[in-house]
Amino acid sequence: MSSTELPGVRPTAALSSLVGAARVAEGEQVRTVALPGLELAVRARPPVRTDLPAALFVHGLGGSSQNWSQLMAELEDTVDGEAIDLPGFGWSPPPSDRDYSVTAFARAVIRHLDAAGRGPVHLFGNSLGGAVSTRVAAVRPDLVRTLTLVSPALPELRVQRSAVPTALLALPGMAALLVRLTRGLTAEQRTRGVTDLCYGDPGRVTPEGFLHAVEEMERRMALPYFWEALARSSRGIVDAYTLGGQHGLWRQAQRVLAPALLIYGGRDQLVSYRMARKAAAAFRGSRLVCLPEAGHVAMMEYPEVVATAFRELLRDTEDGRG
């Protein structure tokens, strides 16, 4: 869900004709991957050793690959990490078919992994990216070694009140109405709203990090498909929530074979903390980490804690011992 970007970043060459230029943290690289009908921006952190296992990080609604920069830095001695910008977000242009469903995003992840030949990977997902990663792990178990989900967007019967505006974006015409209602807001005001919504303690965002987030908000607002991507992706989440049968997300969670690590924040205003126990029961043999002070983006608020939990998962699995 977060549009908040990270401190300690610098501009690099533009990846395509998109507005502005990508920011990369020290030690990172960003490249463009072109597939038929699909172009993805991929952020990579070269591993400290050549024998490290591959990992892929998938961001949430309104976020980007940069949401994972701090965690990738924490894990640079553990995995060979890459983070993608989902189609229409970050520095990835919209998909040619304008399909922003959870299934389409999962297909994009699978196509990238198949084309790169990096699978099986340690797959990470936050929010929408958690739903996408769950679907990937269920339908292509051969591509996933372990699954780490931070506040995954899995169906809830009672959506938190603070999450209602995001769900309303799925309604026809709502994006246009929201554009009119918020026309007078500055990029700084919009960024403050996102930070307050996504962080358990917005004070953890440094002044430099907030400034970069404002700049990124300005860049995204200038993109002609900004609102379309948000609205259609929100609709995709709602559709995934209402999908039943074998394609339902909870049913697919039960089909995941990979060892799973679930991380929930006690101050999460978008994914209810009460869903943690249900998720732990759905993913077989999973381990659950609850962070009472964290919000929706624990990997940005407490990257060292998330990294430690992942290393413990590795240590206790066959991959970690091998």
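**Exercise 1.** Which residue just after H2 takes a positive phi?

Solution. The model is predicted: local features need pLDDT of at least 70, side-chain atom pairs count only at pLDDT 80 or more, and totals for chains, interfaces and linings use all residues. Residues are numbered from 1 along each chain as its sequence is written, and side-chain values use heavy atoms, without hydrogens and water. Helices (H or I, at least four residues) and strands (E, at least two) are DSSP runs, numbered from the N terminus. Helix H2 covers residues 102-116. Just after H2 comes Gly117, with a positive phi of about 65 degrees.

**Exercise 2.** List buried residues of H2 and H7.

Solution. Buried means under 20% relative accessible area, exposed over 50%, and partly exposed in between (1.4 Å probe, protein chains only). In H2 the buried residues are Val102, Ala104, Phe105, Ala106, Ala108, Val109, Ile110, His112 and Leu113. In H7 the buried residues include Phe210, His212, Glu216, Arg219 and Arg220.

**Exercise 3.** Give the strand order of the open sheet of 8 strands, then name its edges.

Solution. The order is E3-E4-E6-E5-E7-E8-E9-E10, and the pairing is mixed. Strand E3 (29-35) and strand E10 (287-291) each have a single partner strand, so one side of each lacks a neighbour in the sheet. From one strand to the next the twist averages 20 degrees; axes are lines fitted to C-alpha atoms, for helices over the stretch in contact, and angles run from 0 to 180 degrees between N-to-C directions.

**Exercise 4.** Describe the pairing around strand E6 (residues 80-84).

Solution. Two strands pair if DSSP finds at least two bridges between them.

- Strand E4 (residues 38-45) pairs with E6 in the antiparallel sense over 4 bridges, and Arg43 stands opposite Ala83.
- Strand E5 (residues 54-58) pairs with E6 in the parallel sense over 5 bridges, and Leu56 stands opposite Glu82.
- From E5 the chain crosses through helix H1 (residues 69-74) to E6, and this β-α-β crossover is right-handed: with the strands pointing away from the viewer, the path from the first strand over the helix to the second runs clockwise.
- Of the 5 residues of E6, 4 are buried.

**Exercise 5.** Classify the ring pair of Trp68 and Phe124.

Solution. Rings of Phe, Tyr and Trp (its six-membered ring) pair if their centres lie within 6.5 Å; planes under 30 degrees apart count as stacked, over 60 as edge-to-face and the rest as tilted. The structure holds 7 aromatic pairs. For Trp68 and Phe124 the centres are 6.3 Å apart and the planes stand at 70 degrees, so the pair is edge-to-face. Trp68 lies in the loop between E5 and H1 and Phe124 in strand E7, 56 residues apart. Both Trp68 and Phe124 are buried. Together with Phe57 and Phe310, these residues form one aromatic cluster.

Methods. The expected span of a helix is 1.5 Å times one less than its number of residues.
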